[in-house]
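Hi,

Here is the structure I said I would pass on.

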Amino acid sequence: MKIEQNKVVELCYELEVEGQIVDKTTKEQPLDYIHGTKSLLPKFEANIENMKPGDKFSFTLTPEEGYGDVDPNRIIDLPKEAFEVNGEIREDLLKVGNTIPMLNSAGAVIPGVILEVQENSVKMDLNSPMAGKTLNFSGEILTVREATEKELKEGLHGEYLHSNCGCHGGHGDCGCHGEHEGCGCGEHGDGCHCGEEGDGCHCGEEGHDDCGCHGDHGHKDCGRGKDK
C-alpha cells in the first residue's frame, strides 16, 4: 500500500540542521500521522507521497518550505503579569534563554524564548526555533494503512477532540503535542498567533517549561507546521 490521502503512515527519520542532528524518531518509537490532513509540513508530505513501506527518503526543505523566515513582529514585549501562575509571577522562570510555553487568547500554546528581562516587562521571541533554517530530512517509511472512520473524525490519537481552535493538524496542533512540537494551527500555524503586542498571552501551566517539545519534527511546526 502506498502513501495517499487519509492513509495512516508510520515512519522514522532524522532532521539535520546546520550540520547537527536536532531531532529524530526510531523504528521503536516512530512518527505516525494521517496523510493529507495537514499534520506535517506540506512539502514534507509531498516528498513522501506514493512511497511504500521499506522505501527510504532524503530531501531538503528551504526556510520557505519549512517554517519561513524569522518574523520580527513575533518578537514582543510582555508585562511581567503575563507570567503569573496561580496568582504569583514565576520569577524563577524569567531567565534569558529559557523557553516558556505561552497561551494566547485562542488557547494555543506558543513556545517563547526569553531574550531580555526588564523590571516590569519581558522581551520574548515567539518564532519557531526552526524559522530561517534549512531542514535536511532522511528516513524510512515503516507502515501504511487505511485510516478508520473514527480516526478521520477524532484524529489518530483523539487530538481533534481536544483542539482549542478547530485545528486538525495532528497531535493537538494549537497546543503542544507533548511529543512533536507543532504548537501551531492549520497550515503554517495561521490563526494561532498572539495578538498585537502579545494581547491575551499568558504563561502556560506550571511544570511545562519546555512545552513538552522535543525539537522540530517533520510535523507541523516540528515538521507539524509553523507556530507554531
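**What I found**

Glu140 sits in strand β11 (helices, H or I with at least four residues, and strands, E with at least two, are DSSP runs numbered from the N terminus). Before going further: this is a predicted model, so local features need pLDDT of at least 70 and side-chain atom pairs count only at pLDDT 80 or more, while totals for chains, interfaces and linings use all residues. Residues are numbered from 1 along each chain as its sequence is written, and side-chain values use heavy atoms, with hydrogens and water left out.

Back to Glu140: with a relative accessible area of 17%, this residue is buried (buried means under 20% relative accessible area, exposed over 50%, and partly exposed in between, with a 1.4 Å probe and protein chains only). Leaving aside neighbours within four places in sequence, Glu140 is in contact with Leu11, Cys12, Lys27, Gly54, Asp55, Lys56 and Phe57 (contact means heavy atoms within 4.5 Å).

Next, the cores. A nonpolar core here is a set of buried Ala, Val, Leu, Ile, Met, Phe, Trp, Tyr and Cys residues joined through side-chain atoms within 4.5 Å. The largest one has 22 residues, and those with the most contacts inside it are Leu11, Phe44, Ile48, Phe57, Leu135, Phe137 and Ile141. Which elements give two or more residues to this core? They are β1, β3, α1 (42–48), β4 (56–61) and β11. The largest share, five residues, comes from β1. There is also a second, separate core of 13 residues, which includes Ile76, Phe83, Ile114 and Val122. As background, nonpolar side chains in soluble globular proteins tend to be buried together.

Now the charged pairs. A search of the whole structure finds ten salt bridges (a side-chain nitrogen of Lys or Arg within 4 Å of a carboxyl oxygen of Asp or Glu). One of them joins Glu146 and Lys7, whose closest N and O atoms are 3.2 Å apart. Glu146 lies in strand β11 and Lys7 in strand β1 (residues 7–17), so this pair ties together parts that are 139 residues apart in sequence. Glu146 is partly exposed at 45% relative accessible area, whereas Lys7 counts as buried at 7%. Both also belong to a network of salt bridges that links Lys2, Glu4, Lys7 and Glu146.

Two other pairs:

- Lys52 and Asp55 meet through their side chains at 4.0 Å, N to O. Lys52 is partly exposed at 42%, and Asp55 is partly exposed at 25%.
- Asp92 pairs with Arg90, the closest N and O atoms being 2.8 Å apart. Asp92 is partly exposed at 46%, while Arg90 is buried at 14%.

Last stop, Lys133. This residue is in the loop between β10 (121–125) and β11 (135–146) and is partly exposed, with a relative accessible area of 23%. What does the side chain of Lys133 make a polar contact with? The partner is the side chain of Glu18, at 3.1 Å (a polar contact is a pair of N or O atoms within 3.5 Å; within protein, one must be able to donate a hydrogen and the other to accept it, and residues adjacent in sequence count only if both atoms are side-chain atoms).

Cheers
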